[in-house]
Amino acid sequence: MDTWQDLSARVEERLKSVSSGERRVFAAGVAERLMSRHEALPEDEQAQFTLSLRPLLNSVWAGVLGDSTAFRAVNRGVAEYMLSEYCHNDGQDGPDDADESAAAATLYAAHAYLFGCHDFVSWTSGRAVEAVEQRLEYLAETEEDEIPVDADEALASELQRQLRDLDLIANFSKELRYSAMGLPIDTSIRLRVELRTPLSGQE
């Protein structure tokens, strides 16, 4: 059986081998799962900055699925973040709102859409793994009497999910290869059903 480290290496290899269009959709899917989980938290555990990025993530989805007019909205959303107090070089002295997993993944996915770079997509994947680790640490601190979750198994499960997502996306590689230049509206609508919906699902 593959370890989570083996699975992580496989995800990285796959991300390097696929088209930028496929990578963009993958990043949006990972960010969506993290955002949806955050939105499902009790209200007092939600971060307002993270929630404020929902419109940006929706624009990223529109863009990666072939709506070229979404570029301006994503560009504006990233620019607003870059000019805000949340983008800083103050280390621990500055606000850490943008370091929350769903927020960071959304910002990485937005950068991935704008620039198509592998690194941003890889970092999005990594934030999902980090989110699992943070969740396990939280459970260890708050549920001492519960049967502990196997950390390796939990991390492997997240990475297996990412590999399944890449398998699904690969079925649409021909259409996604040129999605950055825009796709017909009916194609974008179909991809929203066939890709966004399953990639957004929680397991």
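Helix H4 (residues 54-64) and helix H5 (residues 70-82) pack at an angle of about 145°, with their axes 8 Å apart; helices here are DSSP runs of H or I of at least four residues, numbered from the N terminus, and axes are lines fitted to C-alpha atoms over the stretch in contact, with angles running from 0 to 180 degrees between N-to-C directions. The model is predicted, with pLDDT of at least 70 needed for local features and 80 or more for side-chain atom pairs, whereas totals for chains, interfaces and linings use all residues. Residues are numbered from 1 along each chain as its sequence is written, and side-chain values use heavy atoms, with hydrogens and water left out.

The crossing of H4 and H5 is left-handed, a term that applies if the near helix is turned anticlockwise from the far one by less than a right angle, right-handed being the clockwise case. In this pair, Leu56, Ser59, Val60, Ala62 and Gly63 of H4 are in contact with Ala70, Ala73, Val74, Gly77 and Val78 of H5, contact being defined by heavy atoms within 4.5 Å. The contact of H4 with H5 comprises 7 nonpolar, 3 polar and no charged residues, where Ala, Val, Leu, Ile, Met, Phe, Trp, Tyr, Cys and Pro count as nonpolar, Asp, Glu, Lys and Arg as charged, and the others, Gly among them, as polar.

H4 also packs with helix H10 (residues 185-200), at an angle of about 140° and with the axes 12 Å apart. H4 and H10 are therefore oblique to each other, the classes being roughly parallel under 35 degrees, roughly antiparallel over 145, roughly perpendicular from 65 to 115 and oblique for the rest. Arg54, Asn58 and Trp61 of H4 meet Arg196, Leu199 and Ser200 of H10, a contact with 2 nonpolar, 2 polar and 2 charged residues.

The axes of H2 and H8 come within 10 Å and cross at roughly 135°, which makes H2 oblique to H8. Their crossing is right-handed, and the contact of H2 with H8 has 5 nonpolar, 1 polar and 6 charged residues.

The largest pocket holds about 820 Å³ of space. A pocket is an open set of points on a 1 Å grid over the protein atoms alone, where a 1.4 Å probe fits, with protein on both sides within 12 Å along at least five of seven lines; lining residues have an atom within 4 Å of a point. The lining of the largest pocket numbers 24 residues, with Leu34, Arg37, Ala131, Val132 and Arg135 nearest its centre. H7 contributes the most to this lining, with 8 residues.

Technical notes. Points joined across faces, edges and corners; volume = space filled by probe spheres on them. Helix = DSSP H or I, 4+ residues; strand = E, 2+ residues; numbered from the N terminus.
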